[in-house]
Amino acid sequence: MRELIPTAGDEETSDWCGDCRTDPLRFVNEAFLWGEGELEGWDGPDAWQAETLATIGEEVRKRKFDGVHPVEPIRMATASGHGIGKTALTAWIILWIASTRPRSKGVVTANTSSQLETKTWAELAKWKKRCVTGHWFNLTTGKMSMRLSHKDDPEGWRCDALTCREENSEAFAGLHAADSTAYYLFDEASAVPDVIYDVAEGGMTDGEPMHFVWGNPTRNVGRFREIFGKFRHRWITRQIDSRDAKMPNKAKIAEWINDYGEDSDFVRVRVRGVFPRAGSLQFIPSDVIDAAASRIDTDLVSPIVFGVDVSRFGDQRDRNPARS
């Protein structure tokens, strides 16, 4: 690991940030005093975090944004088990973008206001204090007024924390940075309403846009699930097993597997980072439907045998002609 850039000379730190513009992994490796103080025993990001940061860097270099011509958005999604360090990664990405991209504008959200305030934003505050560029920014932590902003340009160079209630969707609109980076980060993204994803798409039209979403795959419906399905061609996706990460309690994981079984929905969601087979309102599990679809025979002479999952709730209810 390279020696930490000294904080005494901000010109030198600024030059270093310029070098890290296309290398977020280098930024995270060198911006914090790994192995010292609160980070004693930690020599850098976990393997899966390092791979994610390296991939972001590859995508940035591939696009070659010149500050004038807009480039294709970077879209990355991670579904995982519990406790692997997704929220820390969120903080690192915010600090990397804010430190290397003047006039960048970001929005971060989470599944609940409590998660956003006490976990996501609290994690950012913790890592800002440790960061070599942390003194460049002001960070407010008051409820409903959470913002990271550059001291020289607090309105034009910032990241805001917003709740993801559907009635708050318009607050996610208008995030544009034509000569810089507009970015969104969704923590615990499985419970973020679809309308928030739709509005965020409007901020992906100019500059060097980025969208990062991650969380436990708690629901097999909704946009987060669709990112790993019909929208997969637009996203870089990963699924992380908690057993492959440093931080999770391996004894607790073994207890869950013993109690519920390796292939139970409980373990699929909380350990393996795999979406559950069935939703709370679903009678036929998704894996059974997918397997049946793979066996469809186009021979029009053979008898047709099919099953029906009768709708009781949700949007499909109104499409049942028996209820018209």
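Trainee: Is aspartate 43 buried or exposed?

Mentor: The model is predicted, so local features need pLDDT of at least 70 and side-chain atom pairs count only at pLDDT 80 or more, while totals for chains, interfaces and linings use all residues. Residues are numbered from 1 along each chain as its sequence is written, and side-chain values use heavy atoms, with hydrogens and water left out. Buried means under 20% relative accessible area, exposed over 50%, and partly exposed in between (1.4 Å probe, protein chains only). Aspartate 43 has 58% relative accessibility, and therefore counts as exposed.

Trainee: With which side chain does that of aspartate 43 meet in a salt bridge?

Mentor: A salt bridge requires a side-chain nitrogen of Lys or Arg within 4 Å of a carboxyl oxygen of Asp or Glu. Here the N to O distance is 3.6 Å. The pair links distant parts of the chain, 203 residues apart: aspartate 43 is in the loop between α2 (24-31) and α3 (47-63), and its partner in the loop between β8 and α8. Helices (H or I, at least four residues) and strands (E, at least two) are DSSP runs numbered from the N terminus; the partner is lysine 246.

Trainee: Is arginine 268 buried or exposed?

Mentor: Arginine 268 forms a salt bridge with aspartate 263, their closest N and O atoms being 3.5 Å apart. Aspartate 263 counts as partly exposed because its relative accessibility is 37%. For arginine 268 the value is 12%, so the residue counts as buried.

Trainee: How many residues apart in sequence are the parts tied together by arginine 277 and aspartate 263?

Mentor: These two residues form a salt bridge, with the closest N and O atoms 2.0 Å apart. Arginine 277 lies in the loop between α9 and α10 (286-294), and aspartate 263 in the loop between α8 and α9, so the parts tied together are separated in sequence by 14 residues.

Trainee: Is α4 parallel or oblique to α5?

Mentor: Axes are lines fitted to C-alpha atoms, for helices over the stretch in contact, and angles run from 0 to 180 degrees between N-to-C directions. Helix α4 (residues 86-100) and helix α5 (residues 113-130) pack at about 55°, their axes 9 Å apart. Angles under 35 degrees count as roughly parallel, over 145 as roughly antiparallel, 65 to 115 as roughly perpendicular and the rest as oblique. The relation of α4 to α5 is therefore oblique.
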